[in-house]
Amino acid sequence: MVRKSTSEEDLVFHRHRYCVSQEKTDVILRRCGEHGVTLAAALLTAYGLAISKWSDNKHFLMNMPLFNRDTNADIDDVVADFTNLLLVDMDFTDIRSFSDHLAEVSGNLLTSMDNSSYSGVKILRDLRKARGTTVTAPIVFSCNLGDPLVTEDFNTAFGGISYMISQTPQVLLDFQAFNAENGLEFIWDAADDMFPEGLIDEIFACFNEGIEKLADSSISWEDIRGFEAPSQRRHRAEAESFEFVFSKRRNMTEGIISHAEKTPDAPAIIDPVKDRVYTYGEVLAGMKGITAALRKNGMKKGDTVAVFVPRGAECIISEIGVIYGGGTYVPISISQPAERMKSILSSSDCRYILCSKQKPADDFENTVRICIEDCITSGEEAEPAEITGDETAYIIFTSGSTGTPKGVQISHKAAMSTIDEVNRMYSVTSADRAIGVSSNDFDLSVYDIFGMLNEGASLVAVPDEIRRSARDWYDIIRKYNVTVWNSVPTLLKMLLIDARQESENLDSLRLVMLSGDWIDLDLPQKLSESAPDAHMVSLGGATEAAIWSNFFDVSLPVPAHWASIPYGAPLPRQFYRVVDEKGADCPDYVSGELWIGGSGVAQGYVGDNELTASKFVTDMGKRWYRTGDSGQFWNDGTIEFLGRMDNQIKVRGHRIELGEIESAVSDFGGIGNAVVCVRDHDGTKQIVAFAVCSDRDALAENGGLKHVSAPFGDIAVSEYDKVYDKAEETEAIRQADEAYLRGAEKILKALESEKADDYDIYTEAVESWKKDVSERGENTGEENDFDRFTAPFINKAADILCGRMNANELLLSEDFVSPNVLADNMPRGRYLNGMIRNFLRRVSESSQRKLKVLEVGARDCAVSSEFAAVSDNISYTVLDKTRFS
């Protein structure tokens, strides 16, 4: 919520003022009497209700000053501030009537006043102790009802007040209610700079409108269910009135065919490895060859066709050829494992697979495999199918939370509506040339292919062998004068790293479009240094809404207070809503789920009506896609993306369900359960899995958890760290238990000759040893490392228990074994000590100054010495309060 970093010394408070007439005040007072509450309780409830609309936590404490001057006669002449602070419990989690909220708040207010000796300051201190962190109550409600603040006599004597402000440390918003000559006066003194621009103004307006409702004698307080913010009404009205039209193009190949007929010799697709240029005429001939081959094998209009072809020109021609013949193409990466491919073919009802000779597809049941090489160059003629915009153009499969991929169906008119608008906005023409660095089963490739070729532009198709080589991309951009770049941010970062090492800039780039993940705030500046003429555009949306749905034109300098590059505004023909869990539009600066409406909304998920019904909803007579993303509106209409609301993440632009990875790891031989999370490591997202071994032998046979095959592709495990073996830990505990019993037996035998009945502070311990030994029977286990640890105590036990020796003397004996050494012999102890060593090593290596480490309560220096020895860049200090360290 904080708009920019502002120190408390720099805070400037601004006053917001609103007055209510005496007539309306009388209505509110009468209603308060009917409900058996005070005016202060009603105003406090209204204030809390307004604040709660912008609070993620709907259950909070309201800070309320209470004047409680003692009536003792000795105090009467003392001048001082006798204000106490109360914290009033307020809970607006559930939507209830104002009357219900008022009754609860009024009761809580009276309870707080009855217990005012336990002040708000003490409560905050206790909360800080319990939570281990600072707790504040920066929102204040001050009720000054009674005599008017400024009377006519005051004005006559002193004149009117020219300036007045309340400014208190650790307070961000201070509400003050006063009686005025003609009703009520409400004043809010707020540190506006600590909030987004215009936010306090809107909360104040929301509160004032709420007061007007309470003062309306025609509205029952039982019928008032929360207050509505002005921006909420605006967002809802805009959503209700939003209308759109689809692209005029009939289908996704219309422009390609037109350019092939008008300029057949113009370059369409370029293979940079072979330095081979495919003209529009050649592309059209290849499209016809693909269609002819599919039709010979029985394909009919509307059939789905899997394209399982390595990246490059032939893959692109195959996809366009499927559409040319009236089919729906389903792109499948050649790296997909057989099980996931089988699932995709089944879900999308694919009977045909286009593949290449160099990478033939497996022989799946009820499918026909067609090799594309001969088809593309066959020269066979085929007429284009009559395709309408409502028909499905392609199906792209994304990750599923159950481990099953879900196929998103996109119509021709949805895709072309997005493509045409982006091309219009950024003046993409036949003079442009793009580089295709995205995989063909990722929807950014849809724009690369159909965005370029429908305008008569050309596309450099990056093949698989250089798909990760940023150095090759740099050379391609310069050699072929590429003007358009379209990728996830990570790929651009890779390119710019190589570009900075070269003397020549990427002068041909004029348009850089980034989407699919967060854009680092320093990336625009880095781009301007390597490609000074490039304009950066941040795009966003979902596969379920035809590539993109929003845009933001990035300019320098990037504002310092931004947390990320914002989503921006909806693309023309599209619309965004921010919706809360109850289905209502959120006010500005309140987070909710992003809903997308308009021309790009997908047809649904192929073969999954239940999921389609839950994610694609109808409201206000329009169809909306519920993205599962969290976002909020700024007061200028800008959309800010805040992340995922569910268990799904984006890594390098690809949406992945953590549940899908957990399922894959759990299915690995020898693994029982697994939990997966994401961590940020040096600015890069890493997926971390914690797995429990269920079968050590099976895990060993599978080579350890170092490579996992998942439904969405193979997972390369970059780091594998065995925390500890559960079986080994169990065995260590058993050995420790046996050593304990052996030690107890030896001590009890030594005490038989002592004939003592009282062992002072050790009596209870002796009785416990006797009980354990008698219950567990004779211990026949062999001695182990734990016996070495207990031996010094056992040998001197009789002397210690009978008071002839102080136990502290053992700590100085040569036989004493430190508990730290014992812990290092336990699997869990070894892991924890190893983790500390690794942490110190990594931090010291990355530190430019000598790392200073302070260890408190070390007990001995054996393990501490190991920690200090991990790096020469460490200054290690050990503290312990005992003289035996």
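This is a predicted model: local features need pLDDT of at least 70, side-chain atom pairs count only at pLDDT 80 or more; totals for chains, interfaces and linings use all residues.
Trainee: What percentage of the residues is buried?

Mentor: Of the 885 residues in the chain, 50% are buried. Buried means under 20% relative accessible area, exposed over 50%, and partly exposed in between (1.4 Å probe, protein chains only).

Trainee: And how many helices and strands are there?

Mentor: The chain has 27 helices and 35 strands, taken as DSSP runs (H or I, at least four residues, for helices; E, at least two, for strands) numbered from the N terminus.

Trainee: How do I read a sheet? In which order do the nine strands of the open sheet come?

Mentor: Strands of a sheet pair through backbone hydrogen bonds, either parallel or antiparallel. Here the order is S8-S7-S16-S15-S17-S18-S19-S20-S21, with mixed pairing; two strands pair if DSSP finds at least two bridges between them. Strands S8 (276-279) and S21 (569-570) are the edges: each has a single partner strand, so one side of each lacks a neighbour in the sheet. Helix H17 (residues 523-530) packs on this sheet, touching S18 (511-514), S19 (535-540) and S20 (550-554), where contact means heavy atoms within 4.5 Å. The direction of H17 makes about 145 degrees with that of S19; axes are lines fitted to C-alpha atoms, for helices over the stretch in contact, and angles run from 0 to 180 degrees between N-to-C directions.

Trainee: In what sense do S15 and S17 pair?

Mentor: Parallel, over two bridges, with S15 at residues 433-436 and S17 at 484-487. Isoleucine 435 has tryptophan 485 in S17 as its bridge partner. For an antiparallel case, look at S26 (residues 622-633) and S27 (residues 639-644), joined by five bridges. Their hairpin has five residues between the strands, and glycine 637 there takes a positive phi near 90 degrees.

Trainee: Which residue other than glycine has a positive phi near 65 degrees?

Mentor: Most residues other than glycine have a negative phi, and most peptide bonds are trans. Asparagine 366 has that positive phi; it sits in the loop between S11 (352-355) and S12 (368-371) and is exposed because its relative accessibility is 65%. As for omega, leucine 556 and proline 557 are joined by a cis peptide bond, at about -5 degrees, and proline 557 is in the loop between S20 and S21.

Trainee: Last one: how many salt bridges does the structure hold?

Mentor: Side chains of opposite charge can pair when their charged atoms come close. The structure holds 36 salt bridges, each a side-chain nitrogen of Lys or Arg within 4 Å of a carboxyl oxygen of Asp or Glu. One of them links glutamate 455 to arginine 249, with the closest N and O atoms 3.3 Å apart. The two lie in separate loops, H14 (444-453) to S16 (458-461) and H7 (230-241) to H8 (254-262), so the pair ties together parts 206 residues apart in sequence. Arginine 249 is buried, at 19% relative accessible area.

Note on methods: Residues are numbered from 1 along each chain as its sequence is written. Side-chain values use heavy atoms; hydrogens and water are left out.
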